[in-house]
Amino acid sequence: MLDVKLFHMKSFLPMPYEAALAPRLKRAHDMLQAGNGLGGEFTGWVHLPRDYDKAEFDRIQAAAAKIRSDSKALVVIGIGGSYLGARGVIDCLCSPNYNLKKKDTPNIYFAGNGLSADALQEILELVEGEDFSVNVISKSGTTTEPAVAFRFFREALEKKYGKEGARGRIYATTDKARGALKSLADAEGWETFVVPDEVGGRFSVLTAVGLLPIAVTGVDISELMAGAAEMMDRCTTDASFDCPAWRYAAIRYELYRSGRSVELLACYDPAFRFMLEWWKQLYGESEGKDDKGLFPASVEFTADLHSMGQYIQQGRRLMFETVVRLGASHARLSVPTDAQDGDGLNFLAGTDMDFIRDKAMEGTLLAHTEGGVPNIIVEADGKTPRALGQLIYFFEYACGLSGYLLDVNPFDQPGVEAYKKNMFALLGKPGYEDRRAELEAKLAQ
């Protein structure tokens, strides 16, 4: 089972701190369980691994099987929480090179997460000549980036298969009853899946939002949910510092109070890169408000030890690191012997790559803590659907606890609307005319 360990933390914080913080953590825990804290109407994810819609889960499995049978590619259209979780899980469990591998499952292309014409055109070209389907994900259906992208891919589907043929290749994950995408899907007869009202986007990876594209790759989503349920049970019943989510939330809060302003999430596996991106949204949108919150950043070790390592070691002492250990690799590789030993590495001949990786990690932990950077270690059970389900729920639950420790609403994101209002005005959206003139004047200064 997943665990959280502190590495040489006594030199950074007075110990013990648990007794003073326990009452506040218990209060945060009780609010999450009861759904009566700030933003409590969006805590449906707390018991989701137990209470999820089993009938819809079966429909997700059936739709994934259909896509695998009739498509060489699936285009997943979404942004933020409608994109990062699914991509993170697929990269982590299937490989960042998933689309390049020989396999009997469709390629997965992610669109609608930006406004680059080149990126959009590239995916249109990649699916040209291939049988493909589309999963468009949007609660409202009016979010600019995915809505624009969907226009292009819907047009491509209808040109290729006709309106009737396209109908069986479009899957809409959206609101259960209202919104532009739901209305359009009902009118066109597309199969729909639900973004639950009580689950915000960044907490939605274990709903149809993430599960459908993940299932198309052949990942066992039942195992993913089982792992999340195991961690949910632990977080629900173990309301103490024996719970890893309590320990993680507590230590990062204490480090924040001591003046650390940046949390650097690290992993020694490049397959975890988009899980790092998912984590950054989860914590950045949940904590970053009311002039509070840690800034979530990420690094991929050991690659970033050769780029960011200098700053981490000797730059401003404003950060701490959380290192995710995924456990043993699936592949077993040992360093070959070189008769000439030109690189001087024959002392490693026959050594397992995981052993080298682990020693690099241990050496880095020692160097960084000695350089003044506290370290937390999150140990997962391995790179499996069940272990990743545990990890996802662990980070979500600790995030809810952390938000309540900061006395903010962890489940809203009012600041995100600022750029949207400006963008709509500058694009000439009806109703924003006065604001457009004001903004254009400011841009001209």
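Mentor: Some terms come before the tour. Contact means heavy atoms within 4.5 Å. Axes are lines fitted to C-alpha atoms, for helices over the stretch in contact, and angles run from 0 to 180 degrees between N-to-C directions. Helices (H or I, at least four residues) and strands (E, at least two) are DSSP runs, numbered from the N terminus. Two strands pair if DSSP finds at least two bridges between them.

This is a predicted model, where local features need pLDDT of at least 70 and side-chain atom pairs count only at pLDDT 80 or more, while totals for chains, interfaces and linings use all residues. Residues are numbered from 1 along each chain as its sequence is written, and side-chain values use heavy atoms, leaving out hydrogens and water.

Now the sheet. It is open and has five strands, in the order β1-β10-β9-β7-β8, with mixed pairing. β1 (3-7) and β8 (295-300) stand at the edges; each has a single partner strand, so one side of each lacks a neighbour in the sheet. On average, neighbouring strands are turned by 25° against each other, direction ignored.

β1 and β10 (residues 375-379) run antiparallel, joined by five bridges. Phe-7 has Asn-375 as its bridge partner in β10.

Next, the helices. Helix α11 (residues 273-287) packs on the sheet and touches β7 (262-267) and β8. The direction of α11 makes about 175° with that of β8. Helix α13 (residues 353-370) lies across β1, β9 (319-325) and β10. α13 runs at about 165° to β9.
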